[in-house]
Amino acid sequence: MAEKIDLLVTGIGRLVTPPGNSPRFGAQMRDVREIEGAAVAIAGDRIVSVGTEADVRAEIGDAQVVETLDVGGRLVVPGLVDPHTHLVHGGTRENELALKRSGVPYLEILAQGGGILSTVKSTRAASEDDLYAKARKSLDEMLRQGVTTVEAKSGYGLTTGDELKQLRVAKQLHDTHPVDVVSTFMGAHAVPPEYKGRTDEYVDLVVEEMLPRVAEEQLAEFCDVFCEHGVFSVEQSRRILLEGKRNGLIPKLHADEIEPLGGAELAGEVGAISAEHLLAATDEGLKELADNGVIPVLLPGTSFNLGLSTHARARDMIDRYELPVALSTDYNPGSCPTESIQLIIMLASLNLKMTPEEILTACTINAANALGRGFDIGSLEPGKRADLAIFDAPNLAYLPYHFGINHTFGVIKNGRVAVWGGNIS
């Protein structure tokens with residue numbers, strides 16, 4: 001036991017956490033640890049003891065306690081993890097709202113030069129300082145929602161220089177903001193206008209120029225591709241992801257979002273850490289994910305915002321295929337312009353039919369493992385990073401039940417108070 005406890009969190013009405021470091025599969029997602037009258041002892045940026053307040057005080061014994069923080073009987077869970085966002089971008093796309101509401105399909109808007117390509121134009125025109133200021137504002141909101149780790153994809157530059165610009169901004173945010181930012185290179189997010197009709201040539205650029213530069217500057221851990229009809233084919237996606245692996249980047253994949261193209265099967269084939277969206281994934285695709293240990297990251301805010309009547313088959317994934325489902329906002333300026341993980345919690349309950357325990361697991365340990373960080377975050381265990389979200393709620397079920405508000409009272413990030421009383425410290 002540490003000789004000094006830097007922060008002793010007490011007065012926890014109910015502490016709820018998934019156990020361990022590994023993804024929770026199928027029915028395991030409902031198996032969470034609940035402790036009433038709990039406390040957490042923290043030394044530096046690490047948890048040293050979790051349990052009832054009496055047990056924690058007994059365990060730390062005569063150790064010096066520098067600060068005690070009483071959370072007033074509130075709910076405490078692990079800091080939430082948002083494993084799929086498009087955090088760094090220029091501009092907004094509210095001008096497309098009328099098109100979407102009138103029924104114009106997402107891919108048709110893209111084909112007309114809108115959608116992603118509209119954001120590409122704005123991102124190319126923005127300076128690094130402009131992109132940083134905009135993304136920092138979003139990170140502040142995510143932190144106030146209880147999020148302590150965020151994935152950020154590039155993919156709105158679509159030139160070597162502009163992709164690197166996005167990734168450099170994400171790295172700067174990681175270095176300067178309380179929230180940890182994990183970077184994913186996604187140069188294959190769309191085919192830029194200057195390569196229209198020449199997708200294979202653009203893939204050459206991604207593979208031969210962009211990927212080596214990203215690897216050389218160590219600007220990303222992961223490589224993602226929008227594998228979809230009219231964007232990048234399975235064959236083109238395979239080439240990019242395998243070349244990414246050769247450059248040390250772990251594969252992720254936007255898979256089967258709109259059409260059942262075979263993206264889930266490809267994710268299994270290339271050993272992706274996660275497959276994301278999956279609204280149109282087939283039974284064979286889900287089986288491939290299960291057989292190859294791929295984590296499905298579901299984005300219910302996107303189907304909600306696009307007004308779709310279908311949603312990802314979370315219940316099949318959990319009950320039939322025993323997959324370790326994760327959840328995320330998909331924060332982006334087009335199909336899901338929200339930083340609210342708590343909206344996603346409500347939509348996962350309403351449209352994906354997930355239980356509160358499954359939702360917590362999906363937003364913590366499974367999301368952490370979708371970023372290769374289950375060993376460090378995603379559960380409240382001795383030795384893990386001291387990332388805690390404090391909600392003004394009596395229990396987990398209250399979060400999706402009382403919707404449309406931010407329940408976050410406090411956030412502890414790396415053992416330090418980052419949010420208190422709903423305000424960033």
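These notebook entries record what I looked up in this predicted model.

**Ground rules**

I number residues from 1 along each chain as its sequence is written, and I leave hydrogens and water out, so that side-chain values use heavy atoms. The model is predicted: local features need pLDDT of at least 70, side-chain atom pairs count only at pLDDT 80 or more, and totals for chains, interfaces and linings use all residues.

**Entry 1: the eight-stranded sheet**

I began with the strands. Helices (H or I, at least four residues) and strands (E, at least two) are DSSP runs, numbered from the N terminus. I traced an open sheet of eight strands. Its order is β8-β9-β10-β11-β12-β13-β14-β15, and the pairing is parallel. Two strands pair if DSSP finds at least two bridges between them.

Which strands stand at the edges? They are β8 (80–82) and β15 (326–327). Each has a single partner strand, so one side of each is left without a neighbour in the sheet.

Next I checked one pair inside the order. Strand β12 (residues 250–255) and strand β13 (residues 274–277) pair in the parallel sense over four bridges. Leu-253 has Ala-275 in β13 as its bridge partner.

**Entry 2: the first annotated site**

I turned to the UniProt record, an unreviewed entry. Its "binding site" annotation covers His-84, His-86, His-254 and Asp-330. These residues are spread over 247 residues of sequence, yet they cluster in space, with a largest C-alpha distance of 12.3 Å. I note that UniProt positions are given in the numbering used here, feature names are shortened, and annotations may be inferred rather than shown by experiment.

I looked at His-84 in the loop between β8 and α2 (97–101). Is His-84 buried or exposed? His-84 counts as buried, at 0% relative accessibility. (Buried means under 20% relative accessible area, exposed over 50%, partly exposed in between, with a 1.4 Å probe and protein chains only.) I then listed contacts, meaning heavy atoms within 4.5 Å. Not counting residues up to four places away in sequence, His-84 touches several residues, including Glu-151, Lys-153, His-254 and Asp-330.

His-254 sits in strand β12. Its relative accessible area is 3%, so His-254 is buried. Leaving out residues up to four places away in sequence, His-254 touches His-84 and His-86, among others. Its partners also include Met-186, Asp-224 and Phe-226.

**Entry 3: a second annotation**

The unreviewed UniProt entry has another "binding site" annotation, covering Arg-93, Tyr-156, His-189, Glu-257 and Ser-335. I looked up two of these. Tyr-156 is in the loop between β9 (147–153) and α6 (160–176). Tyr-156 counts as buried, at 2% relative accessibility. Ser-335 lies in the loop between β15 and α13 (341–350). Ser-335 also counts as buried, at 4% relative accessibility.

**Entry 4: helices α7 and α8**

How do α7 and α8 lie to each other? The axes of α7 (residues 199–216) and α8 (residues 234–246) come within 10 Å and cross at roughly 5°. Axes are lines fitted to C-alpha atoms, for helices over the stretch in contact, and angles run from 0 to 180 degrees between N-to-C directions. The two helices α7 and α8 are therefore roughly parallel to each other. Angles under 35 degrees count as roughly parallel, over 145 as roughly antiparallel, 65 to 115 as roughly perpendicular and the rest as oblique.

I listed the residues that meet. Among them are Val-203, Val-207 and Leu-211 in α7, and Arg-239 and Ile-240 in α8. By class, this contact of α7 with α8 has five nonpolar, three polar and five charged residues. Ala, Val, Leu, Ile, Met, Phe, Trp, Tyr, Cys and Pro count as nonpolar, Asp, Glu, Lys and Arg as charged, and the others, Gly among them, as polar.

I also picked Ser-237 in helix α8. Ser-237 is buried, with 0% relative accessible area. Beyond residues up to four places away in sequence, Ser-237 touches Val-225, Cys-227, Phe-232, Leu-253 and Leu-266.

**Entry 5: strand β16 and its partners**

Last, I followed β16 (residues 388–391). Leu-388 and Ile-390 point one way, Ala-389 and Phe-391 the other way, and all are buried. Strand β7 (residues 75–78) pairs with β16 in the antiparallel sense over four bridges. Val-76 stands opposite Ile-390 there. With strand β17 (residues 408–413), β16 also pairs in the antiparallel sense, over four bridges. Here Phe-391 stands opposite Thr-408.
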